[in-house]
Amino acid sequence: MEYFLSEQQREIKSLARRIAEERILPVRAELDENEEFPWAITKDMADSDMFRVFIPEEYEGLGGGCLELCLVMEELSRVCSGVALGYAATALGSYSLVEYGTEEQKKKYLPLIASGEKLTAFALTESTAGSDATNIKTTAVPEDGNYIINGTKQFITNGGDAELYTVVALTNPEKGIRGASTFLVEKDTPGFSFGKKEKKMGVRASSTRELVFRNCSVPRENMIGREGMGFPIVMRLLDRSRPGVGAQSVGIAQGALEAAVDYARERVQFEHPIIALQAVQQMLADMAIGVEAARLLVYGVARTIDSGAKSYTEESAMAKVFASDMAMRVTTDAVQVMGGAGYMRDYPVEKMMRDAKITQIYEGSNQTLRTAIAFELRKRKGRRE
Amino acid sequence: MGLLIDLDKCIGCGQCIEFCPFGALEMVGGKVEVREGCTLCGACLDSCAYEALIIEELEATPAADESYRGVWVFAETKDGEFSRVAYELLSEGRKLADARQSELGAVCLGHDIGAVDSLIAGGADRVCVVDSPALADFPEDLCARKLAEVILEYKPEIVLAGATALGRSFIPRVAAILGTGLTADCTGLEIDPETGLLMQTRPTFGGNLMATIICPGKRPQMSTVRPRVFKPDAPDQTRKGGVIRLDFNSEGVTSRTKLLSFVEDLAETVKLEDADVIVAGGRGLEKPENFAMLEELAGALGAAVGSSRPPVDEGWVPYPRQVGQTGKTVCPKLYIACGISGAVQHLAGMQTADVIVAINDDPAAPIFEVATYGIIGDLFKVVPMLIDRLKNG
Amino acid sequence: MNIAVCLKQVPGTTKVEIDPQTNTLVRQGIENIVNPFDTYALEEGVRLRERYGGKVTAISMGPPQAEAILRDALATGADEAVLLSDAAFAGADTWATAYTLSRAVDKLGPCDIVICGRQTIDGDTGQVGPELAEILGFTFVSYVSQVEEIDGEHMRLKRLMGERYEILEALLPAVITVVKEINTPRLPSLRGMAKAKSATIPVWGAEELEVDGNKIGLTGSATRVIKVFFPQRTQRAEILEGELPGQVDYLIDRLREANLI
């Protein structure tokens, strides 16, 4: 299949693949087993300029777009989506700075993110606000030129390991979500601490923690965008990053498909490799179709975003929903094709299946996204293209 | 100059294309053409049934200086004793000297060199000894210069040295000073009865391709020889020979390197390169602790313990134990490979062992292609059984 | 510091096999790669530059396609690269190769260290490094596993000599060959790849290097390959059969018979 990638995109993709195969593959089982944060690999990625991909050129980045980020996510996820997730979370965390930051904020933080020196995290979710993202309770009350943050964020990727956090809090609680703003909070700010590290089903190489804010004071300069702009920023940010989740799903599924095919070619039962059996062939064919279809949808949406499209909520949601549901199916089928071996931790597919599940849940559960898509369909009724 | 295709003789059969290890031959319009990438290795020449391939040279090589006579062996010393390879080379050197009807000599450099008589018992007709405190640590630059000087004085036609770590490091310098050819890591040496030249055969491509090399125009013809390929003759204590002690003038001469200290792996009882028997482990051992089992087997056999690359990369075993293309090349009498798949890179380091035993639970493992005996089984069962049988009879 | 690193392009696999039926080479799409030991050499050069400042120049002698490994070297930290290529260089043995490389090192200007890999995976000789050092008149240290310190004209090194590690002090300028243990080579960076793409890699031939025609290529080679052949594998593995204890007994008996144990 011809994807019409530019030369630079091809280079980014092939370097990401090399990193995945040479640095991540040898340790992925261990990282998963021990739930370790991949610091050494993070450094390798930083040295190879991977964090520069999503930072603009003016701030020591390479000025890549959505598609470039998706290519990296896909290649890393093909080997270990836990490691890929840590990288994606930094991209997500830096997005609001890139799009809405002041010149001072961008100059101060973006080069450090580009060099991989400081990892980032994005904090929206709370115990009361998962799918109902508008139901956040964390406040950021203005006081003497600062903002005092109180509240707890839940399930934050890179929590505790990142240096920089973009946090959404209510600056004007009476207005509800319309009174939300986004802040840049640095680790080690007094009043900012972390809960315990969560024990997860999958993507165990990424770290997930609660962020606890108790009278945490941040200066006015740390607000990103205008006061009250929190929600639109978040919505935009998530639309922009969903294809990345789609790419993560495509990568996971691609890895699972390859493992299943390789196994089916070697495993002999009833005197033939099982890939000669129709039952297996049908499954593998459907898996392959799913991966390819999801890839093209993700690339197509990424290109749409990069072309400067004004709104892409619906398309972005579609890419994420389709790819993540596909990945769950494909990884489950990969375990099935590999049978008993697939169930064993000695083989990589059970991890891929455990990893795939979260892609259907985070960045907007697939149920809320379907609702959003349907909403767009309703809005469009009667309007002509 | 270079590889030429005689277009009249070439019928475009394409046989030669398959023989080129560098993919430098291509069929163009029904005839073969030489592409960039040809290294003049000569692999294609024999493949052509029509003699259409020729390597042409600009000028005929000038004849070698006939005044060079005799076969010399560089006798490497270690801890005051001569390395085993010195005796291996004397035995082989004897055959070559006899074929050339000339003398066999040995040369050694260092300090407090003893037992020079053993070299004579090993076959040398005479021994040149350069013994000086300045050479105690074997400063390679000074020794290379001195050895070259001695060779220029005594003019042996052939000089052999062991392809040990030292040999491969310091003999090329001697060859460079003398402006002569050196062939590394030879596994075969013969005198061509027609030309009288030394034919030096050595492995290339990790041992997958053999090359025979000559040094027609320059003297001496120099080779480093892979240790343990040739067997030393039994020493003949009745042999007589001359010993020449040469001075080393260290005035105004300092080495550009200085040995400050060294560290030996004291845990190693038998060194890999000297071992008759090696027990080696690979990824199949699964955990660093499992190497203890191999140490036990090695103890029961008086063997050295080696490793393929993965355990070294994982940090289970130190790098000096690695056998293979990026590690050491060994040639023991017996090599027992446990849980080693037999990747090409590992085979390059051990496939010339006399007898190879492979223990692996994967019947398709490439190690079985070079093994003499293969046990397809769980090494965690087989190795303890071996240890038990060896210890308890 | 001026650092030169020598790289060679070699076939991607040493598994040159012969097809027993057709008696021809089985070439499964052999692609060319950089000699693995040379990647350690390049990495060490880049690390030395990061520690002590200066410039790393990658040099390769080879056919025009060898340019690819030099571009990769630029993407992986080398500052500059130069290709030594000329039909007259073909057929060079290790000495003629070392001579040609020495001409390039001279042409580059004052050089502090030349770094080479321990050996190539096709030639396997390990001779070019020491011969290059002799021709240049530089200090030579082989099998370097760590460059501990460089202080003015002195360098302190750790090297693996067979079974023991030695700490040596060496005078600059020097040629060193490195072993795998010395470092873990980095991957290229995206900015490095962009730079490499647009970089100019000069090609120096016999004329630019002002070589003595009698010292290069086949003419300059004292050694000649007269025959190339595949080793006869006489060994056919005897795969033991039966119950494991029986196999173990059988093996030990055979090995005892052969006086191996």
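Chain A and chain C bury about 1100 Å² between them, with 61% of that on carbon and sulfur atoms; buried area here is the accessible area (1.4 Å probe) that two parts lose on being put together, summed over both. Chain C and chain B, for their part, bury about 8700 Å², 58% of it on carbon and sulfur atoms.

Before you dig in, a word on the ground rules. This is a predicted model, where local features need pLDDT of at least 70 and side-chain atom pairs count only at pLDDT 80 or more, while totals for chains, interfaces and linings use all residues; side-chain values use heavy atoms, with hydrogens and water left out. Residues are numbered from 1 along each chain as its sequence is written, and chains are lettered from A and ligands numbered from 1 in the order in which they are written.

**Who touches whom**

- Contact means heavy atoms within 4.5 Å, and on that basis 15 residues of chain A are in contact with 11 residues of chain C.
- Two pairs of chains touch, and the most contacts are between chains B and C.
- That B–C contact takes in 104 residues from chain B and 88 residues from chain C.
- Chains A and B do not touch, and their nearest C-alpha atoms sit 10 Å apart.

**Salt bridges**

- The rule asks for a side-chain nitrogen of Lys or Arg within 4 Å of a carboxyl oxygen of Asp or Glu, and over all chains it gives 64 salt bridges.
- Side chains of opposite charge can pair when their charged atoms come close.
- Three salt bridges turn up across the interface of chain A and chain C.
- Glu7(A) and Lys197(C) pair up through their side chains in a salt bridge, at 3.6 Å from N to O.
- Across the interface of chain C and chain B the rule finds six.
- Arg389(B) and Asp253(C) join their side chains in a salt bridge at 3.5 Å, N to O.
- Inside chain A, Glu22(A) forms a salt bridge with Arg18(A), with the closest N and O atoms 3.0 Å apart.
- Glu22(A) and Arg18(A) are four residues apart in helix α1 (residues 7-24) of chain A, so about one helical turn separates them.

**A helix pair in chain A**

- Helices (H or I, at least four residues) and strands (E, at least two) are DSSP runs, numbered from the N terminus.
- The axes of α5 (residues 81-100) and α6 (residues 103-114) of chain A come within 10 Å and cross at roughly 160°; axes are lines fitted to C-alpha atoms, for helices over the stretch in contact, and angles run from 0 to 180 degrees between N-to-C directions.
- That makes α5(A) roughly antiparallel to α6(A), a label for angles over 145 degrees.
- From α5(A), Thr90(A), Ser94(A), Leu97(A) and Val98(A) meet Gln105(A), Lys106(A), Tyr109(A), Leu110(A) and Ile113(A) from α6(A).

- Most residues other than glycine have a negative phi, and most peptide bonds are trans.
- Asn215(A) is not a glycine, yet has a positive phi of about 50°; Asn215(A) lies in strand β7 (residues 208-219) of chain A.
- The Arg219(B) to Pro220(B) peptide bond is cis, with omega near -5°, and Pro220(B) falls in the loop between β14 (209-214) and β15 (221-225) of chain B.
- Leu172(C) to Pro173(C) is also a cis peptide bond, with omega near -5°; Pro173(C) is in the loop between β11 (164-171) and β12 (174-178) of chain C.

Terms used:
Angles under 35 degrees count as roughly parallel, over 145 as roughly antiparallel, 65 to 115 as roughly perpendicular and the rest as oblique.
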